[in-house]
Structures are given as C-alpha cells and as structure tokens.
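Biologist: Could you take a close look at one chain with me? I would like to follow how it is built and how it meets its neighbour.

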Amino acid sequence: MKNLWSYFKNGIIGENPILRLMIGLCSVLAVSVRVENCLAMGAAVTFVMVSSSTVVSLIRNWVPSQVRIPIFIVIISTFTTVVDLVMQAYLPSLSQAMGVFIPLIVVNCMIMGRAEAFASRNPVGLSIVDALGMGVGFTLVITAIGLVRELLGYGQILSIPVFPEHYQNMMVMVLPPGAFFVIGVYIALLNRFSRRSK
Amino acid sequence: MDETLVQIFKIFVSAALVDNIILARYIGLCPFIGMSSSLANGIGMGMAVTFVMVLASIVTWFLWFFILLPLNLEYLRIMVFILVIATLVQLVEIVLKKNVPNLYRAMGIYLPLITTNCAILAVTFFGVDYGYSLLEVVVYSISVALGFTLALVLLAGIRERLRFSRLSPFYQGYPIAFIATGLLALAFLGFKGLV
C-alpha cells in the first residue's frame, strides 16, 4: 500500500509533469485563463491518461516494440476523440472555450511519455496509479496557475468577484505574456522550495 | 490576381506575426522550451518543423476534402491526422537519410521529436477549419513555420546571452526562459491590429 502511494505521489511532487519535466505545456498555458477551464482540462487529461495507460499496460506483452509508437498513438487518439465528442455534446460552452486544445491532448507529450516510459513496462495496477498521480499533478499545477491568472486578470475566482469593485483588472495576466510569467515564477519557487528541503 | 496577392499577404502576416503560434497561441511549447538552449539547435529544429508542417498540411488537406468529408467521417479526424503526421515523419526521415544525407545530418535528430509536436497537428486542424484553398494552406503553413522559427531563434539568442548574466540560482534555466518568453510575447502583442 505504501508502495502504491509513493507511485501516486511521484506524479504530484517528484516528477510533476509540468514543473519538473516541462512536458504538456501547451494546454496548461492556453486554458489557464479561468479556473473552470483548468478543472475541465485537468479532468479531460486525467481521463485520457488513465484509460490509455490501462490499455497500453494490458496489451504490453503482445505489442512488437518496432510498432509500439503508432499503436500508442491510436489508443490515445481513440480516448481523445471520446473526450472531444462528449464535451461537444454535454459541455458546449466549455468545449468552445478550449477550442483546439481538446483534440491536441493527443499530442500531449505527457501522455505519450508515460505510456512509453511506464505503462508499457509495468502491470496494470501500477500503471493506473502512476497515470492517476500524473493526472492529479497536472490538474493541481494548471489550477494553481489558473487561480493566479483569474484572480489578477479578472478579479474573480470561478467567475465570482472577490476583489472590491474598483479593482483595476491586470489585463496582462489574461494575455499570453501573463501565462509565461506565472509559470516561470512557479518553477523558480519550486526550485527554491525543493533546494531548501534537501 | 491582386486580390489573391493581398489575401496571401494577409495570411502571411497574421500567421507569422500577429497570431504567432508560440507567443500568441501557446502551441508547440515543448520543443520551443526544450530546443532553444542554443542557436544551432533552434535553427535545426525550425527547419525540420517547416519541412514537415508544409507536407503534413498538404496531405491532410487532400484527405479532409476528398476522403473524410465526402464519406461523413469527420469524427475520425484526430486519429487520421495524427497517423498521417507520424507516417510522414518516418517517411521523411527515411528519404532524407537515403538521398540527402547532408540535410539529414542537419535536422535528423529533430525529426522523431516532431511527431508529438502539437504545432504540426494544430496547423493541420486550422488549415481545414478556416476553409482555406490549397494555395492558402501552403502559404499558411509556411508562414506559421516561419513564425515558429523566428520565435525559436529569438529565444535561443536571448538564452545564450542569459548564460553569462548573474541570476538568482532559482531562476537559472527554465524559469528565466519562461519569463524571457513572456517578455517576447509582450513585444509581439505590438503586432496586434496590423491585419
């Protein structure tokens, strides 16, 4: 049990996909304007991540290693298509807000990377735990970025105003530069934090 | 004739500068941050991306308008496009290795990375979403690739300089690269309203 927990924790702290491994960045910066979008994106990525890791891990003994990459891509794109269609049907406004970034989950290096580096070499249970950890780690970081951007950029959290009325919105936070600044500062903070604990 | 030229120029300016794929749309960031540590890497990656991006958008354009649309298979788009890109990258690698070894040496190592480069997939989506004609798609993909290379080369230059500046140790490497990118993006905001 303790072992499983350490695999789960690995995705959140040790090898956090965004802040540590610098993968899966595109969707993070693009949708993190509002917390609502971040949570939806996190859920979508976690779903694709867990389902494709499960399948990859289940078929890992039958896949010849020469053609494994195309096979992984087909599996991942199947689940991405599912997410895309479901969101278009039930959450049209969110799907509109995220636009091309839902289909782009398919090329999220994080999912491919975990399929290749972990799920294709480990039993199903471990792969699910690892994928879940990575998905939660992704969701936490993206929400943390979204929180800062929505708070400073719109003066709101989850579309509820939190600042007094005369707060001047910090437009740069909503625009692309703001995203880059916030993630840069987060990585620097993480560096400082982890260095001190060593 | 004039009107097509104007249209093409508009596509070029908006794709390369105003809607720069990295600095304004946040697409293709992984190779951007990963490969911008030196100028030589930046140029090699830029070349490889340009090459594959143009080829992929032409192939997917034909597939979309002549196979997927007539057969009502729109929902297969994600899967078909990503497979086309993966196959194309393999083919390009094989052909270059055999026939143009010089070029292969220059951009060979970057090619496998391109399969999971979201910029390529995104451009093929945009190309069919905007309803461009074949000529427009070619111009569009070339301009996006140029914009990508421009941003990559700019950041690579900045990062080469940054290596010699005195920074807080926590900011060295990725954090300062992101903040420099933010400043670049801020500068590129100045192009808004050009088209």
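Modeller: Happy to! Please keep in mind that this is a predicted model.

Now for the inside of the chain. Of the 195 residues in chain B, 44% count as buried. If you take the contacts in chain B between residues at least 6 apart in sequence, 79% of them join residues at least 24 apart.

Next comes the side that faces the partner. Here 33 residues of chain B are in contact with 34 residues of chain A. On the chain B side, at least two residues each come from helix H2 (29-34), helix H4 (77-99), helix H7 (118-129) and helix H9 (174-188). H9(B) gives the most, with nine residues. By type, the residues on this side of chain B divide into 27 nonpolar, six polar and no charged.

One last stop, over in chain A: the 31 residues of helix H7 (residues 124-154) should span 45 Å at 1.5 Å a residue, and the end C-alpha atoms are 43 Å apart, which agrees. Following H7(A) is Gly155(A), with a positive phi near 70°.

Key. Residues numbered from 1 in each chain as written. Chains lettered and ligands numbered in written order. Predicted model: local features only at pLDDT ≥ 70, side-chain atom pairs only at ≥ 80, totals over all residues. Helix = DSSP H or I, 4+ residues; strand = E, 2+ residues; numbered from the N terminus. Expected span 1.5 Å × (residues − 1). Buried ≥ 20, exposed ≤ 12 C-beta atoms within 10 Å, placed from the backbone. Contact = placed C-beta atoms within 7 Å. Nonpolar A, V, L, I, M, F, W, Y, C, P; charged D, E, K, R; others polar.
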